[in-house]
Amino acid sequence: MRPTHYLAIAVRILSILLLFYALRQSSFLIELIQGNMPGYNVPVAFAITTVILPFLASVLLWYFPMIVAKSILKPELDQEFQPFNAEELLTALVLGISLYFLYYAIIDGVYWLTVLQTDQSLYSQNAGEQ
């Protein structure tokens with residue numbers, strides 16, 4: 001299989017996810033139309049748009065995934081995959097594991113910086129009150 005075929009499979013999966021999103025939004029639309037959601041100032045036209053647009057995008061992506069894939073990938077990138085040797089496979093595995101841990105390290109760093117910033121702002125507010 002060529003890279004465009006793999007990308008077309010990903011486009012079809014995106015299409016399914018968009019369909020699920022449209023179905024979830026349709027329950028909100030039905031509740032809004034029936035009037036079971038007091039206190040929401042959402043125009044009905046906006047709620048209809050949040051259902052119709054993802055549904056139409058889902059249908060288009062489902063029926064035309066190869067066109068989308070070919071428009072994304074350049075022809076020179078659409079070559080057959082060459083098999084990995086052991087060294088290249090190990091390099092890819094180590095890079096994948098390191099990206100996994102880097103992702104969680106960044107998340108933890110942002111969390112602790114937020115906690116530190118919140119503690120400092122609370123400390124400065126309490127010091128100003130005394």
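Which backbone oxygen lies 2.7 Å from a polar atom of the side chain of threonine 50? I found that it is the backbone oxygen of alanine 47.

I noted first that this is a predicted model, in which local features need pLDDT of at least 70 and side-chain atom pairs pLDDT 80 or more, while totals for chains, interfaces and linings use all residues. Residues are numbered from 1 along each chain as its sequence is written, and side-chain values use heavy atoms, without hydrogens and water.

Entry on threonine 50. I located threonine 50 in helix 2, residues 44-63 (helices are DSSP runs of H or I, at least four residues, numbered from the N terminus). Threonine 50 counts as buried because its relative accessibility is 14% (buried means under 20% relative accessible area, exposed over 50%, with a 1.4 Å probe and protein chains only). Leaving aside neighbours within four places in sequence, I recorded Tyr21 and Gln25 in contact with threonine 50 (heavy atoms within 4.5 Å).

Entry on the helix pair. I looked up the axes of helix 1 (residues 3-34) and helix 2, which come within 8 Å and cross at roughly 160° (axes are lines fitted to C-alpha atoms over the stretch in contact, and angles run from 0 to 180 degrees between N-to-C directions). Helix 1 is therefore roughly antiparallel to helix 2 (angles over 145 degrees).

Entry on tyrosine 63. Tyrosine 63 also belongs to helix 2, but I noted tyrosine 63 as exposed, at 58% relative accessible area. From C-alpha to C-alpha, tyrosine 63 lies 8.5 Å from arginine 12, and the two are 51 residues apart in sequence.

Terms used:
Helices (H or I, at least four residues) and strands (E, at least two) are DSSP runs, numbered from the N terminus. A polar contact is a pair of N or O atoms within 3.5 Å; within protein, one must be able to donate a hydrogen and the other to accept it, and residues adjacent in sequence count only if both atoms are side-chain atoms. Angles under 35 degrees count as roughly parallel, over 145 as roughly antiparallel, 65 to 115 as roughly perpendicular and the rest as oblique.
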